[in-house]
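User: Hi, I have just opened this one and have not worked with it before. Could you walk me through it?

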Amino acid sequence: MIAAPDLARPPLTEVERVRLAARADTPAETIHALATDCSVTVRAALAMNPARAEGSPTLATDPNERIRVLLAHKLARLLPGLSTPERADALAQAHAALRTLAQDAAARVRRALADAVASLPELPHDVALKLAHDLDAAVSDPVIRLSPLLTDGDLLALFAAPPRPGVAASVANRPGLPQAVADAVAASADSAAVRALLANRSAVLREATLDALVDRAHAHADWHAPFIDRPRLTAHGVSTLSRIVSHSLLQTLLARPDLPPALADALRDRAALLLHPPEPPPTPRAASRSDTESALLEALAVANMPRAAALLAAASRAGTAIVSRAISLRSAKALASLAWRAGWSADTSYATQTALGTLAPGEALHPRADATHPLSQAEMEWQLELLGLAPGQR
């Protein structure tokens, strides 16, 4: 038999209901009723109550987005204290609410949840996976980088089938990235992810992995600085980097305390040569440039690419190995800089890029409107340094 309502007692005011929603000792049945209260202030007070998880599944579907955000932050604070047997029901309600919030339609709510729970070991594994696969980078990135719940298998699966661009870089940024995952990132063609991997000093990288990456680094100037800052480098890595990095990075490489003495001496000799290059013998520069430029255009006209490459190597004083490397890289900037070093015009530079470098018109660097070279002198000198040529010589 249902008891008759107490008609003598007036309904609770909003202020009284807010106080009940904020108390730690309010009965559970009252908490559940307050979770559907008509007042947003009452529901907000319950969403912020640091002692109560009851009512959370209801609040997780609240029509007010701000309340769902408040609930996400509260649950993150509550989770570590809900593992005792006497709080099993509260823990179940918290988990149910977290699963609902992880698939909230509002990105703001999912972002708030991800920021709050990313590093929590008490988070359910399925919630961590749901957030890690979110299409919004602001949701998935902190969880991929920080969640202790993601296994090597989870990370490899994310890397193999990324739900959004940039997932590989998020994986590569994880502190203490395990060797198997680091190997997968290193073997990929994702340049940004590899750079993040190299910059991650806590990532576990095998010597063979480092050596394989250093052999690819000549085509990725943005890898050089994080490479040199790695805690450990092999002798092969140091030697290779010394031939491709800029002069300033070579000085940083020389400052490493772990260099073998003989290798350190060789690097110092190379640095001295770059800083004080020998004077080239005097040549009739203007006539030589004009003659080689004409000869190059004639070679290109008849598709005599070996002769064209030899002319570029001679006129730029770069040598055939460096010219061959620039051609194999199909680097518009490198070929344009070599043509500039040879003293050739911007039009000849463009012809060199498209013919020798087999670059499409849209890939090659066109002359500027005033017929000057497309890159600044500083940019071209930087490209020449990357190729291993001493700065300041032209």
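**A first walk through the model**

Analyst: Gladly, and please keep in mind throughout that this is a predicted model.

User: Where is R330 found?

Analyst: R330 is in the loop that runs between helix 21 and helix 22, and its phi is near 55°, which is a positive value in a residue other than glycine. As background, most residues other than glycine have a negative phi.

User: What is the phi of A371, and where is that residue?

Analyst: A371, although not a glycine, has a positive phi of about 70°, and it sits in the loop between helix 23 (346-355) and helix 24.

User: Switching to pockets, how much space lies in the largest pocket?

Analyst: The largest pocket holds about 250 Å³ of space. Of the 14 residues that line it, H218, A219, L329, S331 and Q383 are the closest to its centre. Two or more lining residues come from each of helix 21 (320-329), helix 22 (332-341) and helix 24 (377-386), with helix 22 giving the largest share, 3 residues.

User: And what kinds of residues make up that lining?

Analyst: The lining of the largest pocket divides into 7 nonpolar, 4 polar and 3 charged residues.

User: What about the largest nonpolar core, which residues touch the most other members?

Analyst: That core has 85 residues, and L123, L197, F227 and L241 are the ones that touch the most other members. Helix 5 (residues 65-78) supplies the largest share of this core, namely 8 residues. Another core, of 27 residues, lies apart from it and has L300, L312, L338 and L387 among its members.

User: Going back to L123, what is it in contact with?

Analyst: If we leave aside the neighbours within four places in sequence, L123 is in contact with L79, L98, V117, A128 and L149. One of these, V117, is also listed among the buried residues of helix 7 (residues 107-117), together with V109, R110, A112, L113 and A114.

User: What do those buried residues of helix 7 pack against?

Analyst: They pack against helix 5, helix 6 (88-101), helix 8 (125-132) and helix 9 (137-146).

User: What does the side chain of D37 make a polar contact with?

Analyst: The side chain of D37 makes a polar contact with the side chain of R17, at 2.7 Å, and a polar atom of the D37 side chain also lies 2.8 Å from the backbone nitrogen of S39. Setting aside neighbours within four places in sequence, the contacts of D37 are R17, V42 and R43.

User: And S242, what does its side chain reach?

Analyst: The side chain of S242 reaches the backbone oxygen of S239 at 2.6 Å. S242 is found in helix 16, and at 4% relative accessibility it counts as buried.

User: Last one, why does R232 count as exposed?

Analyst: R232 counts as exposed because its relative accessibility is 57%, where exposed means over 50%. It is in the loop between helix 15 (224-228) and helix 16 (235-244), and, not counting residues up to four places away in sequence, it touches E207, L210, R256 and D258.

Key. Residues numbered from 1 in each chain as written. Predicted model: local features only at pLDDT ≥ 70, side-chain atom pairs only at ≥ 80, totals over all residues. Heavy atoms only, no water. Helix = DSSP H or I, 4+ residues; strand = E, 2+ residues; numbered from the N terminus. Buried < 20%, exposed > 50% of the residue type's maximum accessible area, 1.4 Å probe, protein only. Contact = heavy atoms within 4.5 Å. Core = buried A, V, L, I, M, F, W, Y, C linked by side-chain atoms within 4.5 Å. Polar contact = N/O pair within 3.5 Å; in protein donor to acceptor, adjacent residues only side chain to side chain. 1 Å grid on protein atoms, 1.4 Å probe; cavity = no way out; pocket = protein on both sides within 12 Å on 5 of 7 lines; lining within 4 Å. Points joined across faces, edges and corners; volume = space filled by probe spheres on them. Nonpolar A, V, L, I, M, F, W, Y, C, P; charged D, E, K, R; others polar.
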